[in-house]
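Here are my notes on this one, point by point. Have the model open while you read.

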Amino acid sequence: MMSEMIREDGRKYNELRPIKIEAGVLERADGSAYLEVGGNKILVAVYGPRESYIRRLLEPNTGVIRCRYNMAPFSVDDRKRPGPDRRSSEISKITADALRPALMLENYPRSMVDIYIEVIEAEGGTRCAGITAASVALVDAGIPMKDIVVGCAAGKVNDEIILDLSEVEDKEGQADVPIAMMPRTGEITLLQSDGDLSQEEFEEAINLAMEGCRKVNEIQKEALMKKYSAEMSD
Ligand code: UDP
């Protein structure tokens, strides 16, 4: 029954929105990436590891990661009031938490990695898209990582578990389960759940989101290959 369902935008239950990623799009940042998925447009800049310029954040035995997720005022239908709010502070925190396990920050005492995620246009799923793009930007910055972290959500709409919710599906749906993972080990670094799901549906959503992550991870790797194979042949 599930595989028969066609969604409002014509996708199958396990289909991602069209996605593209480009690595190394900014001259001045140490690393950067641009990502589009569905109607989302996201730009990420990364700096570091560099000596911590904020004394109170300096850790003598490890590096620290800081993340700022920001939505442009023109990124949503109603003008978004500029500046941080509760939602963006939460997403900044969970993004840093999702990426930290992949970074070997213990090798960089007293230093800091800064990640700036700018949502230029939003259409549902920006936290996962931000994590996916940030991870590519971290690789582009040359920061050693255990794996490329990737984010993707699944959710429940019309009693069906579906992959990669659009804004409409997110708003009208019954549940949203964004996750981030390290594909090599399958380690989950973000797991949130908003809405009503039975245990069985919850497990189904996680499995589907993991399947989505693996697909998005292929696009991340292609973006990095494209950038670095082009550079080597220059
Ligand atoms: N959104 C919006 N205005 C806001 C915040 C969000 O229109 O102030 C939209 C935007 O398209 C976003 C979607 O609602 O992607 C879902 O937001 P949510 O908080 O669930 O986070 P996301 O799915 O983007 O990670």
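1. Lysine 227 sits over the face of tyrosine 228, 5.7 Å from the ring centre. The rule here is NZ of Lys or CZ of Arg within 6 Å of the ring centre and within 35 degrees of the ring normal.

2. A caveat before going on: this is a predicted model, where local features need pLDDT of at least 70, side-chain atom pairs count only at pLDDT 80 or more, and totals for chains, interfaces and linings use all residues. Residues are numbered from 1 along each chain as its sequence is written, and side-chain values use heavy atoms, with hydrogens and water left out.

3. There is one aromatic pair in the structure. (Rings of Phe, Tyr and Trp, the last by its six-membered ring, pair if their centres lie within 6.5 Å; planes under 30 degrees apart are stacked, over 60 edge-to-face, the rest tilted.)

4. That pair links distant parts of the chain, 69 residues apart: tyrosine 47 is in strand E3 (residues 40-51) and tyrosine 116 in strand E5 (residues 111-121). Strands (E, at least two residues) and helices (H or I, at least four) are DSSP runs, numbered from the N terminus. The protein chain has four helices and 10 strands.

5. Tyrosine 47 counts as partly exposed because its relative accessibility is 24%; tyrosine 116, at 23%, also counts as partly exposed. Buried means under 20% relative accessible area, exposed over 50%, partly exposed in between (1.4 Å probe, protein chains only). Of the chain's 234 residues, 50% count as buried.
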